[in-house]
Amino acid sequence: MNTEQFKLVRDSLIHVRPIADQVAESFYTHLFEVSPHLQKLFMGDMKTQGTMLMTSLELAVSGLDNMQSILPSVQALGERHVSYGVKAEYYPLATDAFLWALEHHFEDEFTPALRDAWAEAFDALVRAMIGDSGG
Ligand code: HEM
């Protein structure tokens with residue numbers, strides 16, 4: 001992702017933060033509608049899960065301009081996901097569902113440029129989580 005995209009994503013966090021719970025709820029609802037087989041991986045309370053997801057996403061996304069600083073914690077998060085039974089091919093499903101949830105809440109404000117920027121941010125994060133440095 002380029003600097004412009006990083007700024008777009010980072011600046012959008014101020015709008016995401018107040019509605020993080022709703023975004024997380026829409027995300028899981030949509031994810032399980034599209035990919036019902038993923039639901040059985042989740043054992044705990046989904047509200048708590050949503051809060052953990054949004055907190056870690058915000059931390060990771062705001063550190064994407066300095067990947068080296070977040071890499072160890074993001075890699076460790078990815079390794080824990082292996083033990084949760086998460087396979088690499090599940091990540092694009094989650095990315096699509098998250099973009100859907102953002103679009104659902106922001107409607108017209110979720111411009112194509114902002115969508116692309118979020119897609120790039122997710123891509124970078126997922127590559128770090130699954131240990132693919134992208135060559
Ligand atoms: C950008 C991507 C993702 C982020 C930032 C993220 C973040 C988190 C966080 C913070 C936790 C709490 C536990 C921990 O810290 O280890 C967690 C747990 C978990 N995540 Fe993710 N996650 C991501 C993608 C996924 C995907 C694609 C799946 C698969 C569907 C998934 C499934 C799970 C499961 C099954 C748990 C454990 C739930 C439980 O114990 O009941 N995550 N995730």
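How many C-beta neighbours does E107 have inside 10 Å, and does that make E107 buried or exposed? E107 has 7 such neighbours, so E107 counts as exposed. The cut-offs are these: a residue is buried if 20 or more other C-beta atoms lie within 10 Å of its own, exposed if 12 or fewer, and partly exposed in between, with C-beta atoms placed from the backbone.

1. A word on the ground rules. This is a predicted model, in which local features need pLDDT of at least 70 and side-chain atom pairs count only at pLDDT 80 or more, while totals for chains, interfaces and linings use all residues. Residues are numbered from 1 along each chain as its sequence is written.

2. Back to E107, which lies in the loop between helix 5 and helix 6. Helices here are DSSP runs (H or I, at least four residues), numbered from the N terminus. E107 has a positive phi of about 45°, although it is not a glycine. For context, most residues other than glycine have a negative phi.

3. Ala, Val, Leu, Ile, Met, Phe, Trp, Tyr, Cys and Pro count as nonpolar, Asp, Glu, Lys and Arg as charged, and the others, Gly among them, as polar.

4. Helix 2 (residues 20–34) passes a simple length check. The expected span is 1.5 Å times one less than the number of residues. For the 15 residues of helix 2 this comes to 21 Å, and the end C-alpha atoms are 21 Å apart, which agrees. Within helix 2, V23, A24, S26, F27, Y28 and L31 are buried. These buried residues pack against helix 1 (3–16), helix 3 and helix 5. As a reminder, an α-helix has 3.6 residues a turn, so residues three or four places apart point the same way.

5. Please look at the crossing of helix 1 and helix 6. Their axes come within 9 Å and cross at roughly 95°. That makes helix 1 roughly perpendicular to helix 6, a label given to angles of 65 to 115 degrees. The axes are lines fitted to C-alpha atoms over the stretch in contact, with angles running from 0 to 180 degrees between N-to-C directions. Helix 1 makes the contact through Q5, L8, V9 and S12, and helix 6 through A113, L114, D116, A117, W118, E120 and A121. Two residues are in contact if their C-beta atoms, placed from the backbone, lie within 7 Å. By class, this contact has seven nonpolar, two polar and two charged residues.

6. D116 counts as partly exposed, with 14 C-beta neighbours inside 10 Å. D116 and V9 are 107 residues apart in sequence, yet their C-alpha atoms are 9.6 Å apart in space.

7. L64 sits in the loop between helix 3 and helix 4. Why does L64 count as buried? Because L64 has 20 C-beta neighbours inside 10 Å. Leaving aside neighbours within four places in sequence, L64 is in contact with M1, F6, A121 and A124.

8. Y91, in helix 5, is partly exposed, with 19 other C-beta atoms within 10 Å. Setting aside neighbours within four places in sequence, Y91 is in contact with V126 and I130. P112 belongs to helix 6 and counts as exposed, with 7 C-beta neighbours inside 10 Å.

Note on methods: Helices (H or I, at least four residues) and strands (E, at least two) are DSSP runs, numbered from the N terminus. Angles under 35 degrees count as roughly parallel, over 145 as roughly antiparallel, 65 to 115 as roughly perpendicular and the rest as oblique.
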